[in-house]
Amino acid sequence: MAISLNWVNDYVDIKNEDKKTLAQKITDAGINVEKVISNNIANLVIGQIEKVEMHPDSDHLHVCLVNVGDKTLQIVCGASNVRVGLKVIVALEGAVLPGDFTIKKSKIRGVESNGMICALFELGLEEKNDETYAKGITELPDDAPVGEDPLEYLGYNDTLYELDLNPNRTDCNNHLPFAYEVAAALNKKVTMPDVSFKELDEDVNNYVSLDVKTDNVSMYNLMVAKDVVIKESPNFIKRRLEAAGVRSINNVVDISNYVMLEYGQPLHFFDKDVVGDKIVVRMAHDKEIIKTLDGVDRELTTEDIVISDGDTPLCVAGVMGGLNSGITEATKNILIESAIFNPYNIRYTSIRLGLRSEASLRLEKPLSYEFTLLAIKRACHLLEKYADAKIVKGIVTYDKVDKTPKVVDVSLESINSILGMNIKSEEVDNILEALGFTYTKKGDVYTVTIPNRRQDIYNQKEDIIEEIGRIYGYDNIEPTLPLIKTKKGEYRDNVKLRKIVSKKIRSLGFSEIRTYTLISEEETTKYDYHFGKTIKLLRPMLKEKSCVRQSILPSLVNVLLYNKEKKNNDVFIYEISNVYHEEEEYVENSHLAFGISGEYLNNTWNSLSYKVDFYLMKGIVENLLNYLGYNNRYTLSLSDSLPKEIHPKINSEITIDGKNVGYFGKLHPKVSKEDVYVCEIDLSEILEHKTGDVKYQELNKYPKVEKDVAFVVNKDIPSIDILKAIKKSGGKLLTDIKIFDVYTGDRIDENKKSIAYKLTFEDNTRTLTEEEVMEIFNKIILDVLEKFKATVRDK
Amino acid sequence: MHNEKIKEIESELKRIFEGSIDQKRLEELKVEYMGKNGKITVLNSLIKDVPNEEKKEFGMKVNELKNTFNTKYEEIKERLEEDLINEKLESEAIDVTLPGTNILSGSAHPIERIIESLESLLMSMGYDVVEGPEVEKDLYNFELLNLPKGHPARDAQDTFYIKGDEYLLRSQTSPVQVREMLKGEGKEPIRIICPGKTYRRDEDDATHSHEFTQMEGLLVDKNITLGDLKGTFEEIAKMLFGKGRSTRFRPSYYPFTEPSVEMDISCFNCNGKGCNICKGTGWITVGGAGMVNPIVLRNCGYDPDKWNGFAFGFGIERLAMLKYGVEDIRVFYMNHDVRMLKEFDRREY
C-alpha cells in the first residue's frame, strides 16, 4: 500500500514540490512517510528502430540502428521481437537501471553498442517471469513520441510514499484524505474530484427496492449503471492501482477499487441482472451458509451482516461477495452499493472468517457519510467515462446518520497553556484554514466545526489543540518542569520489600535472573507447595506457554541446570516475581526464589573453598530473615510435606510467627545429581508480619563467663530440641549458646552423636560469681541428661 | 687512679660496642658490667676511697658511664629486634601475583538496572513507585482507558485472555494508572511510576517478546503542559543516555492521551548524522507519551475542567537493548548464562 503522488497531484498542486522535503513536512505533522520511492530513471528515451541486421558473430544477436530523436544510435540487441519501425524504450549511456546497472558504451562480440533496448521488467516496472521474459523487449504503441521520456508517456513516472500511520489516521491511506494533509502542510487548497454525470430519465426506484432490517447499518445507498462495456482500464488507472498494490482486473472492477483508494469508502458492485430488484440488508441467521466468490461455503452467525435478495444472501457485508452476484466479463448492468456498517460487526466478521481485506479494514473504522455519498457519485462519473455506462437517475438510500456537525469551543489561552507554546492568534487562524476547519472567533475563543471527513477527531478541545500543535510543530515546545508541590517519591506497598530483599540478596552474592511467567501445564505441577488452581490462558500461542506459574522454581531450576551443563560451576541466582492462582478471585503473590550450587568461596590454586551445603543455604536464609527483622520469630525445621522435587531429609520449612512462608532444601536426586539447593519464600506473606523499629541497647559492661559441655545423645535427636532444653534450664543469665563441635565416629557408640556447646552467662547489672554460674550450669547438665538420656562426654 | 679505672672501662666498652654483638652477647655484657658484681656496679664501692673533694665528680662520672652503657644497650637491643622482625618478614614473602580468592558478587538483571536508575531519578522528582496486578480486568486494561471493546487500536495489543473477555494478562502497565486515579477519587494529585511485566500475543523473535517490561508514569495535577512533559522527558533521556542528547516529540496516537507524542532522542551512536542504529534518521524513538485524555480523566473520577496531566511510557527492554548494545530481546529472558549476568555486576557513574 503506497500513495501515488501523481494521483495526489489531481487534488492539490505539488508538481513543483521537492518530494523528499514534502515527505519530511508531512511526517513532522504526524503522517509518517516511511519511504519515498521514485521510479524516475534518467537517460531513458522513446526510440524507433530503423534498421535491423544479424550480428556477424552470433546467431541470436541483432545490430540495430535506432532513432532516438536527436540522433541515431547503433545498439546490439538479443530480443527476437526487434523489427524495423518498432517503437521501443532505449536506455542511453549513463542510465542507471535497477540493481545499480549503469549503461555504458561497449563492444559486444566486436560490434559497438551505444545503449540498451529495454523490457519493462528490466526497469523494475514489471515482475520478471517466464511470461514477461518471453515477450522480449517492450513494444510501445505507434503514437509514442520519439525522443521523449517513455516512463512519463506510459504513466509510470511517479513518486510513491510508503506510510506508517498511527491507527487513528489510517484514512490517510487514501489519496483524498492524504491530499488534505499535504494541503495543510503547504497551506494550499484541495480540489475535489469530478462527480458529475448525465442521468437517464428513468427512476432508480423502478429498478430496485431497499429494505434495511438491522440497526447495524447507518447508511446504505444504491445506484444503477446500465449497459457497461467491460474492457481493460485506461493506463492511468492501471498504474495508480499498481502503485497502491492493487491488481488491475478490468475497467469496472478497477473503478470500484479506484474510488475506494480515493475516498477510503469501499464500494460493492453487484451484477444487477443476477441479484434482481430487491435488496434486503439483515443480520445473518445462525449457521446460515453462503458460498463466497472464492467458492468456499461460509457458515455465518447472527453477528454477521448480509446483503440478500430478500431470501438468499448475496454478500457478506463489507467482507466478501457471494459467488454469483459479482461482476463478470458478461455483466451489463451494475448495482452500486456504498454503505456504512457498524464497524464492530465488520471487524468481528472479517477476523472470524479470516478475510481481512483493504475494504474490510476501511469499513472497520468510522466513515464519513459525506464521502459515502460522494464516492458512489464518483463511481458513476468514472463508469460513464471509462465503461460507457448510462446512469439511472436517483439514489436509493437508507440513512440513519446523525449529521449534527461536531462543534468545539477552544480558547487561545487553553491552546497555549496545554501545549506549553506561545502561538499567536493569526497563526491559529492559518492552521485552522490550512486544515480546512471552519471556525468563528469571539474574543480569544474559537468555535471550530470539525469536517465530517475527520472522523478521528473527538468532540473536545484537546483534539483541536493536538491538530494545532502538530501542524505548528512540536519542535517549538519549550521544555519546562511542572510547577507543583515538591515531595520525595517513595516505594509503596510490596515494591519496598521487594527492593530491600533484592538489594540484600545481591549483597550476599546472588545474581538476578528474569524468566517467563507463562510456562507449560506440565511445569505448573512442579514444586507444588500448597498450590491453588492454576490459571490457564484461553488461547495460548504455544503449549509451552499456556499457564501462569504458581512458583518461580521450575524456571529457576532450569536456569541452574542449564549453567551446570555449560560448566559454569558456581551459580548463585535469584528471581523475584509475581505468581498467580485462582480462587474466587485471582490471587497474586510476590515470591522470592533462589538457588545455589558450586562453591561460595574458592581459590583454585590453594584448595581453599566453601562448597555449597545445606547449612550454607540455611545461613543465607537466616541472614536474610534476621536482616528483615524476624530474629527470634522464625523457625526452620524438617518437613515431610514439601514438594516431591525436594530431598525428603535435607530440607527445612520456614515459619514466621508460626505461619508457613516458604521452604528450602536440596534438590531431590531424581531432579539433579548435583548438589543444588533451592529456596522459595512468599514475600507477600512476609509482609503480613510487621516488624518494629531498630532500638539501641547499651552493651553489657560486666564480664561474661563461658562454660563448655559436650553431650552424647541418640543420633536422631534434633539439636534444636536440646538447644530449647538448655535455654529453658539456663534462664535469664544464659545469654548465648553456641555449638562448637558435632562428632560421630569410633570414639562413641555407633548410634550416638556428641554435640559440644559453649554457654555464655552474663548479667548487665553486676559481675556474676563462679558459684552461681556453676549452679545454673550443673542444673542445665542434669536437665539435659535426664530429658535426652544423654551422657556428658569426657574431654 | 680511680679516674683511670673509669677511663679503662670506658675505652674497653667503646672497643666492645664497635665490634659485632648478638643478642646473647648483649645480655652477657649487661651482667658483666651492670650486674650485681658488674664492672660498673663495683665502681660504686670505690667511692669511699675517693677524697672528699673529688667524691662528687667521681659519682657523676660513674653515673655517666652507666648512662652510656644503658643507651648503647637499648640502641643495640632495638636494632637486633628490628633485624629479627626483618628476617621474619623476609622469610614470609609470598607470590603476590597469584590470583585472589573468589568472592561472589551479586548483580541486578539489566532490566532491573534500568528500572532502578529510572526510579531513582523520578523518585527524586516526587514520583511514587507503585505496582498493580498482572492478571487484570479488561475494564482497567482497556475500557476505562478509552479503548472500548471492538476498538481497532486493540489490534496493536493482541492480548492473552483468561476468562471470557473479562480477565486478561495486562498488555500494558496503564491499568495501574487507572487504579491509582480511582483510588485518588478525583481529589488527590497523582505522581506515580509503575514498572512491571506486561504480556502480548507476539511471536518471540529478536525484537519481540510475549512478555516484556514497561514503565509508565502518570502525573495529574493542575495547569500541566506538554512543555512539562518534554522537560521531564529530557531529564530522563539525559540520565539514561548522557548529557549530550537532544530530544524531540513527534505527533502520535494513543487512545488514552490527547495530544499524543512519540519521544525521540538524538542517536547516541552517530550524534544525529545517521547510522544503522537510528536507521539513518539520526533519531531513536524510546517511548510514547501525551496529555491524559479528558475522557480517561472523567472515566477515572477526575474532573478535566479542574485537573489535567501527562502520562509517559517506556519499553524497558528497548532501553536496555539500546543502552547496553543488546541485539536480541530474548537475551533478557532465556538461558541465563551466569557469565552474561556477571557483565552487569559493576556500577556505572
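## Helix packing in chain B

In this predicted model, helix α1 (residues 2-18) of chain B packs against helix α2 (residues 23-34) of chain B at an angle of about 175 degrees, and their axes lie 13 Å apart. An angle over 145 degrees counts as roughly antiparallel, which makes α1(B) roughly antiparallel to α2(B). On the α1(B) side, the contact is made by B:I9, B:E12, B:L13, B:I16 and B:F17. On the α2(B) side, B:R25, B:L29 and B:Y33 take part. By class, the residues of this contact divide into six nonpolar and two charged, with no polar residue.

## A cis peptide bond in chain B

The peptide bond from B:E258 to B:P259 is cis, with omega near -10 degrees. B:P259 belongs to strand β9 (residues 257-266) of chain B.

## Positive phi angles in chain A

Two residues of chain A are described here for their backbone geometry. A:D388 is not a glycine, yet its phi is positive, at about 55 degrees. This residue is placed in the loop between α11 (369-386) and β24 (390-393) of chain A. With a relative accessible area of 35%, A:D388 is partly exposed.

A:Y527 likewise is not a glycine and has a positive phi of about 55 degrees. The loop that holds A:Y527 runs between β30 (518-519) and β31 (535-536) of chain A. Is A:Y527 buried or exposed? Its relative accessible area is 3%, and because values under 20% count as buried, A:Y527 is classed as buried.

## A seven-stranded sheet in chain A

Chain A contains an open sheet of seven strands with mixed pairing, in the order β29-β33-β34-β40-β39-β38-β37. Which strands stand at the edges of the sheet? These are β29 (511-512) and β37 (634-637) of chain A. Each has a single partner strand, so one side of each is left without a neighbour in the sheet.

Strands of a sheet pair through backbone hydrogen bonds, in either a parallel or an antiparallel manner. Strand β34 (residues 586-597) of chain A and strand β40 (residues 676-682) of chain A run antiparallel and are joined by seven bridges. In this region, A:S597 stands opposite A:V676 in β40(A).

Notes:
Residues are numbered from 1 along each chain as its sequence is written. Chains are lettered from A and ligands numbered from 1 in the order in which they are written. This is a predicted model: local features need pLDDT of at least 70, side-chain atom pairs count only at pLDDT 80 or more; totals for chains, interfaces and linings use all residues. Side-chain values use heavy atoms; hydrogens and water are left out. Axes are lines fitted to C-alpha atoms, for helices over the stretch in contact, and angles run from 0 to 180 degrees between N-to-C directions. Helices (H or I, at least four residues) and strands (E, at least two) are DSSP runs, numbered from the N terminus. Angles under 35 degrees count as roughly parallel, over 145 as roughly antiparallel, 65 to 115 as roughly perpendicular and the rest as oblique. Contact means heavy atoms within 4.5 Å. Ala, Val, Leu, Ile, Met, Phe, Trp, Tyr, Cys and Pro count as nonpolar, Asp, Glu, Lys and Arg as charged, and the others, Gly among them, as polar. Buried means under 20% relative accessible area, exposed over 50%, partly exposed in between (1.4 Å probe, protein chains only). Two strands pair if DSSP finds at least two bridges between them.
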